[in-house]
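Please examine the structure shown below.

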Amino acid sequence: MSEDLASGDKAETVAKPGALETRQVTIGGQLLEVAIRHGGGSGPPLLLFNGIGANWELAKPFLDALTSTTAIIFDVPGVGGSPRPLLPYRPSTLARLAAELVAKLGYAQVDVAGVSWGGGIAQQFAHQFPKRCRRLVLAATAAGFTMVPASPSVLWKMATPRRYTDKDYMNRVAADIYGGAFRDDPSLIGRHAAGMHGTRSLGYLYQLLAMAGWTSLPWLWSLPQPTLVLMGSDDPLVPPINGHILAGLIPNAELRMIDDGHLFLVTRPKETAALIEAFLADESREVAPSSLLSRTTNSLRDLVPMSGGGRNKS
């Protein structure tokens, strides 16, 4: 299903729970390829930011594993079905674009999840639009350029989008980049690669430039959202220590380790979806800070008045 929504229009949810539809939505002159997985639950939808170079279809195993949650995902400009913008952008630009998208789809508040590169955009969204983000899920991600990095050999393989355009190359490097189940089951690589399309070199470069010099470390302590941090125990690309850093600095954060590699949302979709949906649905509890550092930052956030600082209060 494809639909181009005119400015000011809102999407009406007419699809049955479990249905997956795609839309062409224009936000501020930028055309976006948007996928919506309809759920039957009563909670806010889950806005998902994908990894670098990844078109929305690569998240389909996870979307299919959701049981009741409505999920929204879009190809960032220059990736998949979303045309490249004229100029590079920053994480704040994508956060604002996403906020306008969910408003256009008719939602005042969302839960937000980000995977790898998309985890940075998710953090930025939660910081920039704190009242629009109810809960936050960070998967296989870090706090920007201040992260504990992968080995140089892994980073070199990630420097270009070649793995998205050359399937043979993907088969050779996937285990080294993603670890986990990709080391033991070569068939996973082929199935994952089959969903890749629309990656362009300049669009990939724009994504790299977006994160150049960006870090969330100065303001992680101020995030008000209950947060679930998920990390793969065998992740060559984002070492698990980065999850401990995030959970230690975000005041109300819980860290869960997944016995897999970087792409556990793809290789363990049912397990991951169950963890996330349980976290999102449990209204009876607030996340208990997972470390002394996060408990300290939680107390600090309560003591320090929040200033504007470029954040949108709506």
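A residue is called buried when its relative accessible area is under 20%, exposed when it is over 50%, and partly exposed in between (1.4 Å probe, protein chains only). This is a predicted model, in which local features need pLDDT of at least 70 and side-chain atom pairs count only at pLDDT 80 or more, while totals for chains, interfaces and linings use all residues. Residues are numbered from 1 along each chain as its sequence is written, and side-chain values use heavy atoms, with hydrogens and water left out.

**Nonpolar cores**

- A nonpolar core is a set of buried Ala, Val, Leu, Ile, Met, Phe, Trp, Tyr and Cys residues joined through side-chain atoms within 4.5 Å.
- The largest such core has 71 residues, and those with the most contacts inside it are Leu47, Phe49, Phe74, Leu101, Val112, Trp117 and Phe125.
- Helix α2 (residues 91-104) supplies the largest share of this core, seven residues; helices (H or I, at least four residues) and strands (E, at least two) are DSSP runs, numbered from the N terminus.
- Apart from neighbours within four places in sequence, Leu101 is in contact with Val25, Ile27, Leu32, Val34, Ile72 and Phe74, where contact means heavy atoms within 4.5 Å.
- A second, separate core of 26 residues includes Leu228, Leu275, Phe279 and Leu280.

**Strands around β3**

- Seven of the eight residues of strand β3 (residues 30-37) are buried.
- Strand β2 (residues 20-27) pairs with β3 in the antiparallel sense over eight bridges; two strands pair if DSSP finds at least two bridges between them.
- Within this pairing, Arg23 stands opposite Val34.
- The two strands β2 and β3 form a hairpin with two residues between them, and Gly28 in the turn has a positive phi of about 55°.
- Strand β5 (residues 71-74) also pairs with β3 in the antiparallel sense, over four bridges, and Ile72 in β5 stands opposite Ile36.

- Most residues other than glycine have a negative phi.
- Ser116 has a positive phi near 55° and is found in the loop between β6 (110-115) and α3 (117-128); Ser116 is buried, with a relative accessible area of 15%.
- Ala140 has a positive phi of about 50° and lies in the loop between β7 (133-139) and α4 (152-158); Ala140 is buried, at 0% relative accessible area.

**Surface patch**

- Leu202, Leu205, Leu208 and Leu209 form a nonpolar patch on the surface, with about 300 Å² of accessible area together.
- Such patches are made of residues with over 30% relative accessible area and no salt bridge; like charges are joined within 9 Å, and nonpolar side chains (Val, Leu, Ile, Met, Phe, Trp, Tyr) within 5 Å.
- Accessible areas come from the Shrake-Rupley method with a 1.4 Å probe, and for residues only the protein chains shown count as cover.
- Leu205 is placed in helix α9 (residues 201-210) and is partly exposed, at 38% relative accessible area.

**Salt bridges**

- A salt bridge is a side-chain nitrogen of Lys or Arg within 4 Å of a carboxyl oxygen of Asp or Glu, and a search of the whole structure finds eight of them.
- Glu21 and Arg23 meet in a salt bridge (3.2 Å, N to O); Glu21 is buried at 4%, and Arg23 is buried at 4%.
- Arg268 forms a salt bridge with Asp260, the closest N and O atoms being 3.2 Å apart; Arg268 is partly exposed at 30%, whereas Asp260 is buried at 4%.
- Salt bridges that share partners join Asp260, Arg268 and Glu271 into one network.
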